[in-house]
Amino acid sequence: MPVTKFWATSTGFVLSLAFGLALTGTAYAGEIPTNTEGGMEQSGGKDDSGIYAAARITYSGSVAPNGASGNVTSADVNWTPPPCWYAPYLGAKDFKKKMSKDIERQLNTPGIGSTAGSALTELKRHYEAGYGWSDNPGYEDYNVDKDGEGMFWAGVENPNEPDVLKRNACNDLPFWVDNGEAPPPRYEEAITPQILAALAYQHMQLPDTEVALAPEQTTKVNLPTWAWLDRAVFDEVQATAALNVPGFNLEATTTARPVSLTLEPGTDDALTYPASGECVINNDGSIGEPYARGKANRTPPCGIKYLRSSGNGTYNLQASITWEISWTGTGGAGGDLPDGAFGNDQDVAVQEIQSINR
């Protein structure tokens, strides 16, 4: 359906309506997902005809395949990646081909109403005849005389945002930005390294990590079960999001570092070590301590003691790693993002200790 934005002036409403009619659909600039096997090449660039292609965000590193959201759960329930943003869309010649074709097709649609027809005519004037208004200058012949010197920017929907209204919030008319220049300040949602970092976070895929247990899989009532993770099993994880087009290049890398392991026994009839259930990372980067012969009478620094048998079934042990998330980006930008968590379930059978009376 057409995207419309109700501006304060009648002119703004008309042009916004026309834009929705001319460019029905969404995601004017898209994403190229990658997987943990490596990145994909950027599709933007200049072809043999001198036309610049649409900008796309590429992902590399440890990210979910096919553009899906990753498996990180943010520790901040209020944190979400951006639902939409403004980014380079098309060069002048390519934009003219796209927009003029759409406008003419709509104008020639049988039965088009007078309001829609007037809106499309105004949109055509805006990009062809220099018709503009406050803070929105018009363009002569779609700026084709400046092709290669900049790009038209347009709104981009985050395909992983479930709220359609939020996805459609970046619906201003496409606007021109010269190479090397920043978008006008009023476009607060213009793409930045921090937005790319948030998108990399959204797509980040943390490794499946099964906690080592002793006894393994089957333990005994009132017998401490040791739990640990060697440093070699897990390490920091990185995901990168990049946007590269002529005259505009941004990149951000989000890094997740493991900081603790939280154990949830799967039953109230259990004790955790430590009592909080949170095992902090050791100085050598490991978590907990491996069980070894001679430690049977010791209390594990990280572990569980089940107080009741699981009968014929098992308890669902949940082991979640908390990851500290930070990011760095183009121009020395950087900072912290909310901690993330990801865990695995492990079935643990707990048996009664059998005693023999002689």
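Q: What puts T219 in a strand?
A: T219 sits in β8, residues 218-220. Strands here are DSSP runs of E with at least two residues, helices are H or I runs of at least four, and both are numbered from the N terminus. This is a predicted model, where local features need pLDDT of at least 70, side-chain atom pairs count only at pLDDT 80 or more, and totals for chains, interfaces and linings use all residues. Residues are numbered from 1 along each chain as its sequence is written, and side-chain values use heavy atoms, with hydrogens and water left out.

Q: Why is T219 called buried?
A: Because its relative accessibility is 1%, and buried means under 20% relative accessible area (over 50% is exposed, in between is partly exposed; 1.4 Å probe, protein chains only).

Q: What makes T219 and T225 a polar contact?
A: Their side chains are joined at 3.0 Å. The cut-off is a pair of N or O atoms within 3.5 Å; within protein, one must be able to donate a hydrogen and the other to accept it, and residues adjacent in sequence count only if both atoms are side-chain atoms.

Q: How do you know that β4 and β5 pair?
A: Six bridges join β4 to β5 (residues 150-157), running antiparallel, and pairing takes at least two DSSP bridges. A87 stands opposite A154 in β5.
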